[in-house]
Amino acid sequence: MVAMMQNAKLMPNVITYSAAISACRKGMQWQQPLGLLAVMQEAGLLPDVIAYNAAISACEKCEQWQQALDLLAETRSVKLLPNVITYNAAISVCEKNERWQDALALLAETRLVNLQPDVITYSAAIIACEKCKQWQQALGLLAETRCVDLLPDTITYSAAISACKKCEQWQQVLHLLAETRNVKLLPNILTY
């Protein structure tokens with residue numbers, strides 16, 4: 001797309017590049033966005049946080065955790081302010097690669113940079129803990145959501161329940177199932 005625009009003597013801009021990077025994510029391509037970020041800079045365009053989010057998401061989709069974390073670090077080095085979407089994608093790639101400690105470190109970092117993590121942020125971190133059988137960490141994060149006035153959703157509860165189930169913490173599983181009914185969440189197939 002970018003090459004076609006250049007051949008037609010049209011000058012791509014940050015929005016064009018961001019769209020191309022996003023398309024790479026959907027096409028399960030993670031190397032292309034890295035090249036497009038470099039081409040943008042060579043063309044004198046400064047990638048914005050949206051372009052970086054799209055590139056991090058492409059790495060997340062292809063489970064390239066190191067590349068995603070490198071891109072997050074790069075946003076800071078070019079003086080961009082990562083947002084919650086940036087951190088959600090980075091935490092999600094850690095979750096997919098069973099890097100629960102990195103996921104928790106990124107969650108903690110959101111607070112250090114004065115961002116308010118959302119339910120997606122917490123759910124991704126809880127899923128990372130669930131995949132690595134860190135049920136106590138998962139329950140701690142679930143409790144933390146309530147302390148920061150977030151309403152955990154079915155995905156959040158399902159991940160916490162699964163973490164407890166994997167570690168045969170049946171009392172906790174039953175407690176969490178009862179809690180989902182108390183907060184009027186509809187359990188799904190993952191919950192059971």
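Reply: Gladly! The largest pocket has a volume of about 150 Å³, a volume being the space filled by probe spheres set on grid points joined across faces, edges and corners. This is a predicted model, where local features need pLDDT of at least 70, side-chain atom pairs count only at pLDDT 80 or more, and totals for chains, interfaces and linings use all residues. Residues are numbered from 1 along each chain as its sequence is written, and side-chain values use heavy atoms, with hydrogens and water left out.

Me: What makes something a pocket here?

Reply: On a 1 Å grid over the protein atoms alone, a pocket is an open set of points with protein on both sides within 12 Å along at least five of seven lines, and lining residues have an atom within 4 Å of a point. Among the lining residues of the largest pocket are Asn88, Ala89 and Ser123.

Me: Why is Ser57 called buried?

Reply: Ser57 has 15% relative accessibility, so it counts as buried (under 20% relative accessible area, with a 1.4 Å probe and protein chains only). Ser57 touches Arg25 and Ala89, not counting residues up to four places away in sequence; contact means heavy atoms within 4.5 Å.

Me: Is Cys164 buried or exposed?

Reply: Cys164 is buried, because its relative accessible area is 0%.

Definitions and conventions:
On a 1 Å grid over the protein atoms alone, a cavity is a set of points where a 1.4 Å probe fits but cannot get out, and a pocket is an open set with protein on both sides within 12 Å along at least five of seven lines; lining residues have an atom within 4 Å of a point. Buried means under 20% relative accessible area, exposed over 50%, partly exposed in between (1.4 Å probe, protein chains only).
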